[in-house]
Amino acid sequence: MWGIRELFARIIHDNYRTMRLRQGATPLDDPAMRPWHELDEMYRNSNRDQADHIRKKIQEIGCGITVRSDWDEPLFTFTNQELEYLAEKEHERWMKEKIAQGWKPGPERNKERKETPFLIPYDQLSEEIKEYDREAVRQIPALLAKINLKIYRVKEGQVR
């Protein structure tokens, strides 16, 4: 039986696939878009890692996660400052993951050589690439709602 971590990782993955399909990508272009049961373990672990870091990131902005009891309650919305802060944190998490897997900076993404042009600080990324991290953050409240959880504010205005 799956634990909540595994379930949440699958939900994150399905959300990624949906986003990339809207952008016109296919599993042939992006192997991370394959269905979970066909997904390389490296990508599964990436989704698990992303799931593991959500609570930590939410706590860093003075929020918590609790059970959702009112289904009519609007989903939590991040402020622009929180969104940008959390997107940067997501990019840092992704970079650490890639470096640990042996990836290095390169002129273009090359899975065989483990090179990517995106192993650079967040503020050096193009707006198009930053949007991937922002979208991952924007989706957190809806993804949590799928497992009956929600974000709530503990402290107002706490962005580090």
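**Terms and their grounds**

Modeller: L144 belongs to helix α5, residues 140-145. The model is a predicted one.

Colleague: What makes L144 count as buried?

Modeller: The relative accessibility of L144 is 3%, and buried means under 20%. L144 therefore counts as buried.

Colleague: Which residues does L144 touch, leaving aside those up to four places away in sequence?

Modeller: L144 touches F8, I65, L149 and I151. Of these, F8 lies 136 residues from L144 in sequence, yet the C-alpha atoms of the two are 7.9 Å apart in space.

Colleague: Where else do F8 and L144 occur together?

Modeller: Both line the second largest pocket, together with I4, R5, A51, D52, I54, R55, I65, I147 and L149. That pocket holds about 180 Å³ of space. Its lining has eight nonpolar and three charged residues, and no polar ones. Helices α1 and α2 each supply at least two lining residues, and α2 gives the most, with four.

Colleague: Why is α1 called roughly perpendicular to α2?

Modeller: The two helices pack at an angle of about 110°, with their axes 8 Å apart. Angles of 65 to 115 degrees count as roughly perpendicular, so α1 is roughly perpendicular to α2.

Colleague: Which residues make that contact?

Modeller: Helix α1 contributes R5, E6, F8, A9, I12 and H13, and α2 contributes N47, R48, Q50, A51, D52 and I54. By class, the residues of this contact are five nonpolar, three polar and four charged.

Colleague: How many cavities of 30 Å³ or more are counted, and what lines the largest cavity?

Modeller: The count is one. The largest cavity holds about 30 Å³ of space, and its lining consists of Q50, I54, K57, E90, A136, V137 and I140. The elements giving two or more residues to that lining are α2 (41-60) and α4 (127-138). Helix α2 gives the most, with three residues. The lining is made up of four nonpolar, one polar and two charged residues.

Colleague: How much space lies in the largest pocket, and which lining residues are closest to its centre?

Modeller: The largest pocket holds about 910 Å³ of space. It is lined by 33 residues, of which Y16, D30, A32, W94 and Y132 are the closest to the centre. At least two lining residues come from each of α1 (4-22), α2, α3 (80-100) and α4. The lining includes 14 nonpolar, eight polar and 11 charged residues.

Colleague: Why is K114 called partly exposed?

Modeller: Its relative accessibility is 31%. Buried means under 20% and exposed over 50%, with partly exposed in between, so K114 counts as partly exposed.

Colleague: What value does phi take at N148, and where is N148 found?

Modeller: Phi of N148 is positive, about 65°, although N148 is not a glycine. N148 is found in the loop between α5 and β4 (149-153).

Colleague: How do you know that N148 is partly exposed?

Modeller: Its relative accessible area is 30%. The limits are again 20% and 50%, and N148 is therefore partly exposed.

Terms used: Residues numbered from 1 in each chain as written. Predicted model: local features only at pLDDT ≥ 70, side-chain atom pairs only at ≥ 80, totals over all residues. Heavy atoms only, no water. 1 Å grid on protein atoms, 1.4 Å probe; cavity = no way out; pocket = protein on both sides within 12 Å on 5 of 7 lines; lining within 4 Å. Points joined across faces, edges and corners; volume = space filled by probe spheres on them. Nonpolar A, V, L, I, M, F, W, Y, C, P; charged D, E, K, R; others polar. Axes fitted to C-alpha atoms, helices over the stretch in contact; angles between N-to-C directions. Parallel < 35°, antiparallel > 145°, perpendicular 65-115°, else oblique. Contact = heavy atoms within 4.5 Å. Buried < 20%, exposed > 50% of the residue type's maximum accessible area, 1.4 Å probe, protein only.
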